[in-house]
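My notebook is open, and I want to look up a few things in this structure. Here is what I am working from.

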Amino acid sequence: MATALYRKYRPTDFGGVIGQDHIVRTLVNQIEHDRVGHAYLFTGSRGTGKTTCAKIFARAINCAAPVHGSPCGKCEVCRALADPSNLDIMEIDAASNNGVDDAREIRERVKYPPVYGKYKVYIIDEVHMLSGSAFNALLKTLEEPPAHAVFILATTEVHKLPATILSRCMRFDFRLVPLDKLAALIAEVYGKEGKKAEKEAIMYIAEAGEGSVRDALSVADMCLNYSDGTLTYADCLDVLGATDRGKIHRLFDAIVRADFGECLESVDELAALGKSMSLIARDLTKYARDLLAAKTGCTRLIVDTPENIRAMTETAAGCSVELLVSVINIFSAIDAELRYSVSPRIVLETACVRAVKLGTADIAAIEERLSRLEKNGVTAAPSSASSASAPQPSAPQSAPLPRAVPDAATVWGRLTTYMRTNASMRLYTLIGGHTDFDIKDGALVIGAAEAEFLELSDPDTVAMIRRALGDMGLTLEVKVVRRAEGNRMDASVNRIKQLMGEAKLEIKK
């Protein structure tokens, strides 16, 4: 039976650990200067090297002749500790041994000295799974262990550990591994396995790992035997079931053009191919993120073929940053809802409709700017026809423009930011995707169509908005008014025509 790549290429010394230089350096210095502590806490995301470093450190502090802080692997102690049945390095899975009796057993065992080396090391993985009584049973031993005992606690959820445990450990935070280092590792592993792969394929696998070495190598393992020849970028897409970029581009293009019909047809086409709704939403979010990177000149952050990157740069030129950010917010916010919904397709289609409605945001922005001009006493330049019939008086140059406070767009932007960190995801998505708002007579007026009126006018929602405005230092009343679909656009067009003249503005409906 073939060994998984992440097990086959697990580092046996600190030189093979990638992306955790700050931790490796500290541990190596402790070993070289004989300053080994009695309790360590390794915390961080999955697959970043917590257990690997714990095993290397456990063997290194027992090694008779460490090499640059790593176990030599040749001495008698190293050979003895390489046997999984040795009694000097105890690996305990707290997920399945989390009771008080298990903790008491550790407390009894710790009294016995090591058999081979200088230290007896207890590596407790997923330590956050221990029960409260188990933590209490372990506490005294952790605080004052025998001189030969070293505890290494590993967890992905450090916030679940009691403060009494945290205060007795030397804490090391493992970081997500950078993309370039993951790509270099995968290229090295494929080289040792005799597998050829395109650069874009390796980068895509590294990106799929999302900062986890184990996840990246697991994906690399899946792709290893997909083709007999060179592994291509298209092969990786097939293995992972990713959506074709062309179809995602069509869906995004329909959103930008506010084409409801084509948008729903694109979703139907993807669904007919058997694509997961969650995967479609994730791919659409990633595509919008890549367009945002292209829009801001950061094409080096995009993992794709050069041809696709050039095409995305052209597409991004026709999109505003605000639109791209809004699309990302909408589709990244529905992940949990898609996961538990009985009708994930409807959830995705509804999100697409909300995104399509973003296309009408530009007219709202124009209206807001014109409103501020009116408040400041400035009128737009009239059309050529009207200026010919009546001379326009010039405004007195000495009269200062009154301040327009507060600015509705700014207030709404701050409100959206506030909701992102202080409100539910449902309310944040509702507020973030809304474009019908104004400030009149000391009140924030929110216009809502029939479909949104009930949610926005809910007393709890209004109270949350009012509290948010208060925290922002604004004393504004909150009013939610019902508006029929279509009236908002017509009113905006008429108002702009009045201000700018019929010949100045032509809006196609």
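**Entry 1: a bridge across the chain.** I started with Glu91 and Lys55, whose side chains meet in a salt bridge (3.6 Å, N to O). I noted the rule for the term: a side-chain nitrogen of Lys or Arg within 4 Å of a carboxyl oxygen of Asp or Glu. This pair links distant parts of the chain, with Glu91 in strand E2 and Lys55 in helix H3 (residues 50-60), 36 residues apart. Helices (H or I, at least four residues) and strands (E, at least two) are DSSP runs, numbered from the N terminus. I also checked the cover on Lys55, and it is partly exposed, with a relative accessible area of 23%. For that word I wrote down the scale: buried is under 20% relative accessible area, exposed is over 50%, and partly exposed is in between (1.4 Å probe, protein chains only).

**Entry 2: a reminder about the model.** This is a predicted model, so I kept its limits in mind: local features need pLDDT of at least 70, side-chain atom pairs count only at pLDDT 80 or more, and totals for chains, interfaces and linings use all residues. Residues are numbered from 1 along each chain as its sequence is written, and side-chain values use heavy atoms, leaving out hydrogens and water.

**Entry 3: further salt bridges.** How many salt bridges does the structure hold? I found 28. In one of them, the side chains of Arg257 and Glu262 meet at 2.5 Å, N to O. Arg257 is partly exposed, at 41% relative accessibility. Both residues belong to a network of salt bridges that also links Arg250, Asp253, Asp259, Glu265 and Glu269.

Next I looked at Arg345 and Asp268, which form a salt bridge with their closest N and O atoms 2.7 Å apart. Here too distant parts of the chain are linked: Arg345 is in helix H18 (residues 344-356), Asp268 is in helix H13 (residues 260-272), and they are 77 residues apart. Arg345 is partly exposed at 32%, and Asp268 is partly exposed at 38%.

**Entry 4: strands side by side.** I went back to E2. E2 pairs with strand E3 (residues 120-125) in the parallel sense over five bridges; two strands pair if DSSP finds at least two bridges between them. Ile89 stands opposite Val121 in E3, and Asp93 stands opposite Asp125. On to strand E4 (residues 149-155): six bridges join E3 to E4, and they run parallel. The bridge partner of Asp125 in E4 is Ala154.

Is E3 enclosed or open? Five of its six residues are buried, so E3 is largely enclosed by the rest of the structure.

**Entry 5: a loop residue.** Where is Gln20? I found Gln20 in the loop between helix H1 (5-8) and helix H2 (21-32). Gln20 counts as buried, at 0% relative accessibility. Leaving aside residues up to four places away in sequence, Gln20 touches Thr48, Phe174, Arg175 and Val177; contact means heavy atoms within 4.5 Å.

**Entry 6: the whole chain.** Last, I stepped back. The protein chain has 25 helices and eight strands. Buried residues make up 43% of its 509 residues. Of the contacts with a separation of 6 or more, 75% are between residues 24 or more positions apart.
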